[in-house]
Every structure is written in C-alpha cells, then in structure tokens.
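Subject: Structure handover

Hello,

Here is the structure to be passed on to you. My notes on its aromatic residues follow below it.

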Amino acid sequence: MGVQNFGPTATSPYTSPASTAGHVNPGQTYTCEYEYLCELAWDPTTGNWELFKQARCNLYHVYYWNGTGYLWNNQTRGTQSTFLGEGDKTVLWRDTAPSPQTSHYWDPVYSFRNC
C-alpha cells in the first residue's frame, strides 16, 4: 500500500514573541486601540484575517505572513515602527504614528520593531 501525498498544508501566520489578538472576517471592521500597532495577515487555515496587536516595545519576527495585508499604527504620536527584511538589517519601510490603516505586501517582511 502506497503513501498518499496530499501536498503542502497551510500554516497560520504568527509572530515571535506572540502577539495574536484573534481573527477578523473579510469585510468586518476591527479596532486598534490607542498605543497599539495592529496588523492583519491572511490566515489560509481559517479563511479569515489574523489580527496582531503590539503595545510592548519589542522586535517581532513574523512567520507565514504572505501576500497583501494591512497595518494600522495607533501608537502615541511620533512613535516610529520599522519593518525589516531578511536578517533584520534591511529597512523596508518605516511608519510613524498615528497613521490610518494602509495596505502592505508582507512577503519581504521578516521582522519589525514597533517602537
């Protein structure tokens, strides 16, 4: 009897350290509380957006953040978040609070610092 290969399985996006805040259905609104940086990354395992929220200053590594998602910087005025490429060295972009929700392509992002 042969082994069946069903192909690659989908994996939920996550951060290290953990910062998951739940799921958001497509088209559903969500809140990003004051003093938080919030992101949406598509979760192919649920067919929803995975919502991430960070308040504590840290370097967050991202995993399985694929395709286009969203960023909402509702931190204190002037707080700058930096999004980094491979090796945590290449600055891809910076976002200064407050900024409204904007669309971003997550594939080149390996990590970010929210402060």
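**Aromatic residues**

Trp42 has a relative accessible area of 32%, so it is partly exposed. Please keep in mind that the model is predicted. Trp49 has a relative accessibility of 15% and therefore counts as buried, since buried means under 20%.

These two residues also form a pair. The ring centres of Trp42 and Trp49 are 5.1 Å apart and the ring planes stand at 80°, so the pair is edge-to-face; planes over 60 degrees apart count as such. In total, the structure holds 13 aromatic pairs.

Another pair is formed by Phe83 and Phe112. Their ring centres are 5.3 Å apart and their planes are at 25°, so this pair is stacked, the term for planes under 30 degrees apart. Phe83 belongs to strand S7 (residues 80-84) and Phe112 to strand S10 (residues 111-113), so the pair ties together parts that lie 29 residues apart in sequence. Phe83 and Phe112 are both buried.

Phe83 and Phe112 also belong to one aromatic cluster, together with Phe52, Tyr60, Trp65, Trp93 and Trp106.

On the surface, there is a nonpolar patch made of Tyr14, Tyr63 and Tyr64, and together they have about 290 Å² of accessible area. Of these residues, Tyr63 is found in strand S5 (residues 59-63). Tyr63 has a relative accessibility of 33%, so it counts as partly exposed.

Regards

How values were computed. Residues are numbered from 1 along each chain as its sequence is written. This is a predicted model: local features need pLDDT of at least 70, side-chain atom pairs count only at pLDDT 80 or more; totals for chains, interfaces and linings use all residues. Side-chain values use heavy atoms; hydrogens and water are left out. Rings of Phe, Tyr and Trp (its six-membered ring) pair if their centres lie within 6.5 Å; planes under 30 degrees apart count as stacked, over 60 as edge-to-face and the rest as tilted. Buried means under 20% relative accessible area, exposed over 50%, partly exposed in between (1.4 Å probe, protein chains only). Helices (H or I, at least four residues) and strands (E, at least two) are DSSP runs, numbered from the N terminus. Patches are made of residues with over 30% relative accessible area and no salt bridge: like charges are joined within 9 Å, nonpolar side chains (Val, Leu, Ile, Met, Phe, Trp, Tyr) within 5 Å. Accessible areas come from the Shrake-Rupley method with a 1.4 Å probe; for residues, only the protein chains shown count as cover. A salt bridge is a side-chain nitrogen of Lys or Arg within 4 Å of a carboxyl oxygen of Asp or Glu.
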